[in-house]
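Please look over the model with these notes beside you. Each point takes up one feature.

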Amino acid sequence: MIKKLFLLLLMIFVASCGSNQSVVRTSQPDPRKTTTPVTQRVKKPILRPNQPKKPEAVVQATTTSSTQNNASSSEILEATTRVKVTTEMVLAYIEKYKSLAKENMLKTGIPASVTLGQAILESGAGTGPLSMQANNHFGIKCHKEWTGPSIKYTDDEENECFRKYDDPSGSFRDHSYFLTSRPRYAELFQFGKDDYKSWAYGLKAAGYATDPKYPEKLIGLIERYQLAKYDAEVLGKNYVPVVIAKKEIAYTGGAEKYTVVKGDTLYSLSKKFNISIEELKRKNNLTDNSLSLGQMIIVK
């Protein structure tokens, strides 16, 4: 009887121990409850790639602002194609080639201002297709005497032959030779070496360019970028900057009117607006060639 009781108590004790072990296991943290912190750890690296977006937006805004600023000081130049350049690009071009233009002036007598102005205009400040592909900054065609490298380019006619140079200096050299060796340009060398305006109109009269506005464009570049100071440096003269006065153009009743400023003459205005002196006088009922400051005259 005692043995049976002892066995019964022993079984109860064993059962009780097994029950405690089970309770211990169930008291451990439920693995499913760790899902939340694991998810949080994953979210952090997901967020990191988004963080750089702020500085990227700042860079983009700065670029846009810079583009807008450059656009306000940009201009269209007639190279072999129309190209758009900024003031900074033109100034960099001048800095790069001013010494070459001055050296050519010493050797040939061609004003450095004219050489630089033509180079800027005809090469698009070095960005035109011929200057980029062939180092040809003046659009010089092959001609019969040329035996060097060449490039085909469609300009006035399809697939015309243009000279190709290893270095832009060759283009500057040939440009000077072109003007000094052709009889039709001989009269240019009768002008003063710092008389860039006469050179500009003389080039057009000699047939250098077909653009009727070529002299005005060339003079505009020379005065806007003060290229005449390089002529003065070569000649050992003091340079007096040209003050470009604001010239007002008004449109009244379909007519284009111009406000006369200091230095204007009927001759200079006839060249500027590509109209004869007689036509200017007729449109404005002028009996002589005199003009008054502030006078409004019809130019077109």
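1. A disulfide is a pair of cysteine sulfur atoms within 2.5 Å. Keep in mind that this is a predicted model. By this rule there is one disulfide. Its partners are C142 and C161, with sulfur atoms 1.9 Å apart. The torsion about their S-S bond is about -65 degrees, so the disulfide is left-handed.

2. Which parts does the pair tie together? C142 sits in the loop between α6 (129-134) and β3 (150-153). C161 belongs to strand β4 (residues 160-163).

3. Is C142 buried or exposed? Buried means under 20% relative accessible area. C142 has 7%, so C142 is buried. C161 has a relative accessibility of 25%, so C161 counts as partly exposed.

4. Next, a lysine in a strand. K84 lies in strand β2 (residues 82-86). Its relative accessibility is 54%, so K84 counts as exposed. K84 and G128 are 44 residues apart along the chain. Their C-alpha atoms are separated by 9.6 Å.

5. Now to helix pairs. Two packed helices are described by the angle between their axes and the distance between the axes. Take helix α4 (residues 87-108) and helix α10 (residues 228-235). Their axes come within 10 Å and cross at roughly 45 degrees. That angle makes α4 oblique to α10. The crossing of α4 and α10 is right-handed.

6. What makes the contact between α4 and α10? From α4 come I94, K98, K102, M105 and L106. From α10 come Y230, D231, E233, V234 and L235. Sorted by class, this contact of α4 with α10 has six nonpolar residues, four charged residues and no polar ones.

7. Helix α5 (residues 112-123) packs with helix α9 (residues 214-224). The axes of α5 and α9 are 9 Å apart, and the angle is about 110 degrees. Angles of 65 to 115 degrees count as roughly perpendicular. So α5 is roughly perpendicular to α9. The crossing of α5 and α9 is right-handed.

8. Which residues make the contact of α5 with α9? α5 supplies S113, V114, G117, Q118, I120, L121 and E122. α9 supplies Y214, K217, L218, L221 and I222. By class, the contact of α5 with α9 divides into seven nonpolar, three polar and two charged residues.

Methods:
Residues are numbered from 1 along each chain as its sequence is written. This is a predicted model: local features need pLDDT of at least 70, side-chain atom pairs count only at pLDDT 80 or more; totals for chains, interfaces and linings use all residues. Side-chain values use heavy atoms; hydrogens and water are left out. Helices (H or I, at least four residues) and strands (E, at least two) are DSSP runs, numbered from the N terminus. Buried means under 20% relative accessible area, exposed over 50%, partly exposed in between (1.4 Å probe, protein chains only). Axes are lines fitted to C-alpha atoms, for helices over the stretch in contact, and angles run from 0 to 180 degrees between N-to-C directions. Angles under 35 degrees count as roughly parallel, over 145 as roughly antiparallel, 65 to 115 as roughly perpendicular and the rest as oblique. A crossing is left-handed if the near helix is turned anticlockwise from the far one by less than a right angle, and right-handed if clockwise. Contact means heavy atoms within 4.5 Å. Ala, Val, Leu, Ile, Met, Phe, Trp, Tyr, Cys and Pro count as nonpolar, Asp, Glu, Lys and Arg as charged, and the others, Gly among them, as polar.
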